[in-house]
Amino acid sequence: MIKLYRKYHTDKDRTLIGLFKKVNELYSPKRILYPGCYVHITPSLVFSDVTYIDSFRNTYKFYESLEVKDFIEKNKGYQSETNLKFYQQDYNEDIPEDIESYDIVISQYGGFVGQAVKKYLKSNGFLICNNSHGDASMASIDPDYKLEAVYNRVSDDNYSVSTKNLDEYLVPKKNIKPSKDSISKSMRGITYTKSPSGYIFKKNSS
Ligand SMILES: C[S@@+](CC[C@H](N)C(=O)[O-])C[C@H]1O[C@@H](n2cnc3c(N)ncnc32)[C@H](O)[C@@H]1O
């Protein structure tokens, strides 16, 4: 089972461990929600309380496997007990968790996660996303989110986060006015004049 994580993440040098460590350092989040996670369990190596959601068939077997639990136990960077939940379902459907109870939502190559689970993110909580499927573009035109920072990969273990000159980001290359409709139809992010590895949006307080 853990070989799936090795195949898609460790072997490709794309675990994102450096990003999650940096986010932990900066924001000290308690509860993390990761919809569209597939077998990307790196967050559980850094954060003790992570809820994963994915609809891909049989993914639950990965999360139930003793081998995976053992891998997390041996490699985690915190002392406390691991609290890992996995929901095998569409992330657009409700999960049995409290509204506004997560400090961080992770969105990586999984569609419009920041829209689908927004209600579970606390006010002033953060959406950590890239723009491969347009989730960052969607957040950029959503009044509920504000760009807080951008992140860049130096190496898998080393990510930088910057809050400087944020007005230079999310500027479309072409002179277009993006809409929710056009972004959801294309399922691709808008091309911007600057392309960081990803974006950190803060959910505005309601
Ligand atoms: C390309 S994979 C990315 C996996 C992981 N985030 C990563 O960075 O390696 C996208 C995952 O999102 C899941 N996904 C896409 N839409 C979904 C939905 N509506 N509900 C639940 N899972 C979804 C797919 O099943 C798939 O496992």
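Visitor: In which sense do strand S6 and strand S8 pair, and over how many bridges?

Guide: Here's the general idea: strands of a sheet pair through backbone hydrogen bonds, either parallel or antiparallel. In this predicted model, strand S6 (residues 145–155) and strand S8 (residues 198–203) pair in the antiparallel sense, over 6 bridges. To see one spot in that pairing, look at leucine 147, which stands opposite phenylalanine 201 in S8.

Visitor: And what joins S6 to S7?

Guide: A hairpin does, through 2 residues. S6 and strand S7 (residues 158–162) run antiparallel, with 5 bridges between them.

Visitor: Which strands run parallel to S4?

Guide: Strand S1 (residues 31–35) is one of them, joined to S4 by 2 bridges. In that pair, leucine 33 has valine 105 of S4 as its bridge partner. Strand S5 (residues 121–129) also runs parallel to S4, with 5 bridges. There, isoleucine 106 stands opposite isoleucine 128 in S5.

Visitor: Is S4 largely enclosed or left open by the rest of the structure?

Guide: For this one, you count neighbours: a residue is buried if 20 or more other C-beta atoms lie within 10 Å of its own. In strand S4 (residues 102–107), 5 of the 6 residues are buried, so the strand is largely enclosed by the rest of the structure. Across the protein, buried residues make up 37% of the 206 residues.

Visitor: What order do the strands of the sheet have?

Guide: Read across the open sheet of 8 strands and you get S3-S2-S1-S4-S5-S8-S6-S7, with mixed pairing. Strand S3 (83–88) and S7 stand at the edges with a single partner strand each, so one side of each has no neighbour in the sheet. From one strand to the next, the twist averages 20°. H2 packs on the sheet, where it touches S4, S5, S6 and S7, and its direction makes about 45° with that of S7.

Visitor: Why does aspartate 13 count as exposed?

Guide: Aspartate 13 counts as exposed because it has 10 C-beta neighbours inside 10 Å. Asparagine 124 has 13 such neighbours, so it counts as partly exposed.

Visitor: Zooming out, how many helices and strands does the protein have?

Guide: The secondary structure comes to 8 helices and 8 strands. The radius of gyration is 16 Å, close to the 17 Å that the globule rule gives for 206 residues, so the protein is as compact as a globular protein of that length. Along its principal axes, the C-alpha trace spans about 50 × 35 × 30 Å. Among contacts with a separation of 6 or more, 61% are between residues 24 or more positions apart.

Visitor: Last one: which residues come nearest to the ligand?

Guide: Of the 16 residues around the ligand, look for Gly36, Tyr38, Ser55, Phe56 and Gln108, which come nearest. Sorted by class, the shell has 7 nonpolar, 7 polar and 2 charged residues.

Technical notes
Residues are numbered from 1 along each chain as its sequence is written. This is a predicted model: local features need pLDDT of at least 70, side-chain atom pairs count only at pLDDT 80 or more; totals for chains, interfaces and linings use all residues. A residue is near a molecule or strand if its C-beta atom, placed from the backbone, lies within 6 Å of it. Ala, Val, Leu, Ile, Met, Phe, Trp, Tyr, Cys and Pro count as nonpolar, Asp, Glu, Lys and Arg as charged, and the others, Gly among them, as polar. A residue is buried if 20 or more other C-beta atoms lie within 10 Å of its own, exposed if 12 or fewer, and partly exposed in between; C-beta atoms are placed from the backbone. Helices (H or I, at least four residues) and strands (E, at least two) are DSSP runs, numbered from the N terminus. Two strands pair if DSSP finds at least two bridges between them. The radius of gyration is taken over C-alpha atoms; the globule rule is 2.2 Å times the number of residues to the power 0.38. Two residues are in contact if their C-beta atoms, placed from the backbone, lie within 7 Å. Axes are lines fitted to C-alpha atoms, for helices over the stretch in contact, and angles run from 0 to 180 degrees between N-to-C directions.
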